[in-house]
Amino acid sequence: MKSLQGCTAIVTGAGSGIGRATAIALANEGANVLTTDMDEASAKETVSAIHAADGRAQSAPQNVVDEERWDDIFSLAADVYSTPSILINNAGIAIAGAIRDYSLDDWKKQMSVNLDSVFLGTRAGMRHMNDGGSIINLSSVAGLRGASGASAYCASKGGVRLFTKAAAIECAQLGLNIRVNSVHPGIIDTPIWQTDLARMTEIMPEEQSKALSIHDGSNSGIDASILGAMSSPMGRAGKPEEVADLITFLVSDKASYINGQEHVIDGAMTSN
């Protein structure tokens with residue numbers, strides 16, 4: 001039998017990158033998956049990929065910082081499938097930029113999407129997962145150490161790390177039978193590098209900035225494969241599917257005693 005057969009999972013930010021790979025991986029292990037995203041069209045594309053492999057999935061639009069929407073999402077998943085026992089708080093953004101030029105509005109938006117949403121999702125899980133379950137909060141290696149040009153991103157992901165630990169302790173003390181862990185990817189080849197983190201190059205030395213920029217004439221982002229080769233002792237960027245495999249293990253019964261921990265997946269980048 002598949003390891004997640006009959007379980008119901010909610011995956012936020014499931015329209016691309018790690019979210020999409022995770023939704024597909026969970027469905028491949030037998031889970032019923034509700035994919036959510038601000039861009040519902042992209043979430044539907046993920047559903048189509050799951051259906052093509054004979055999996056079970058449905059999509060729904062979700063702004064993860066809309067407090068009331070969280071109850072709707074859990075109720076929808078329960079109505080369509082069963083009470084969710086898996087929540088993947090994956091949705092996030094990265095607003096890069098030098099601290100001296102950083103606006104308070106950007107700071108607040110970064111914290112709202114990356115940290116407030118994790119609080120709201122985890123709280124909803126604690127309220128709705130009556131039969132227990134597993135919550136995975138996506139952080140980053142940037143939540144473990146600083147990075148020039150990504151101060152707000154680092155702060156938000158560091159907050160996710162410690163919030164996760166506090167939530168795991170509280171769930172255990174309340175007898176909720178809900179495990180809460182964080183996952184900290186390194187350089188993963190996802191769209192975030194081509195869009196959200198492009199501004200990191202603005203405060204890099206010109207030679208380094210040019211070396212990392214996408215060479216398609218647009219100069220619109222960072223080439224994750226080059227950055228991965230430069231940053232990881234393994235000499236490459238990670239794949240979304242590799243992160244999804246870790247998440248799939250952590251939500252399974254095989255990880256039943258793993259709780260309140262950060263799980264780094266970075267090709268040894270932070271081991272130096």
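Is cysteine 171 buried or exposed? In this predicted model, cysteine 171 counts as buried, because its relative accessibility is 1%, whereas cysteine 7, with a relative accessible area of 22%, is partly exposed. The count of disulfides in the model comes to 0.

At the level of the whole chain, the secondary structure comprises 8 helices and 7 strands, and 51% of the 272 residues of the protein count as buried. The accessible surface of the protein amounts to about 12,400 Å², of which 50% is supplied by carbon and sulfur atoms. Among the contacts in the protein with a separation of 6 or more, 69% are accounted for by residues 24 or more positions apart.

One helix pair was examined further. Two packed helices are described by the angle between their axes and the distance between the axes. For helix H1 (residues 17-28) and helix H8 (residues 240-250), the axes come within 8 Å and cross at roughly 50°. H1 and H8 are therefore oblique to each other, and H1 passes H8 in a right-handed crossing. On the side of H1, the contact is made by Gly17, Ile18, Ala21, Thr22, Ala25 and Leu26, while H8 contributes Pro240, Glu241, Val243, Ala244, Ile247 and Thr248.

Aspartate 253 is found in the loop between H8 and strand E7 (262-265). With a relative accessibility of 70%, aspartate 253 counts as exposed, because the cut-off for that class is over 50%. Aspartate 253 is also 249 residues apart from leucine 4 in sequence, yet the C-alpha to C-alpha separation of these two residues in space is 8.6 Å.

Two further loop positions concern backbone geometry. Aspartate 54, placed in the loop between helix H2 (40-52) and strand E3 (56-61), has a phi near 65°, a positive value in a residue other than glycine. The relative accessible area of aspartate 54 is 74%, and this residue is therefore classed as exposed. Asparagine 177, which lies in the loop between helix H5 (151-173) and strand E6 (178-185), has a positive phi of about 55° although it is not a glycine. For asparagine 177 the relative accessible area is 58%, so that asparagine 177 is likewise exposed.

Conventions
Residues numbered from 1 in each chain as written. Predicted model: local features only at pLDDT ≥ 70, side-chain atom pairs only at ≥ 80, totals over all residues. Heavy atoms only, no water. Helix = DSSP H or I, 4+ residues; strand = E, 2+ residues; numbered from the N terminus. Buried < 20%, exposed > 50% of the residue type's maximum accessible area, 1.4 Å probe, protein only. Contact = heavy atoms within 4.5 Å. Areas by Shrake-Rupley, 256 points an atom, 1.4 Å probe, with all protein chains shown as cover. Disulfide = S-S within 2.5 Å. Axes fitted to C-alpha atoms, helices over the stretch in contact; angles between N-to-C directions. Parallel < 35°, antiparallel > 145°, perpendicular 65-115°, else oblique. Left-handed = near helix turned anticlockwise from the far one by under 90°.
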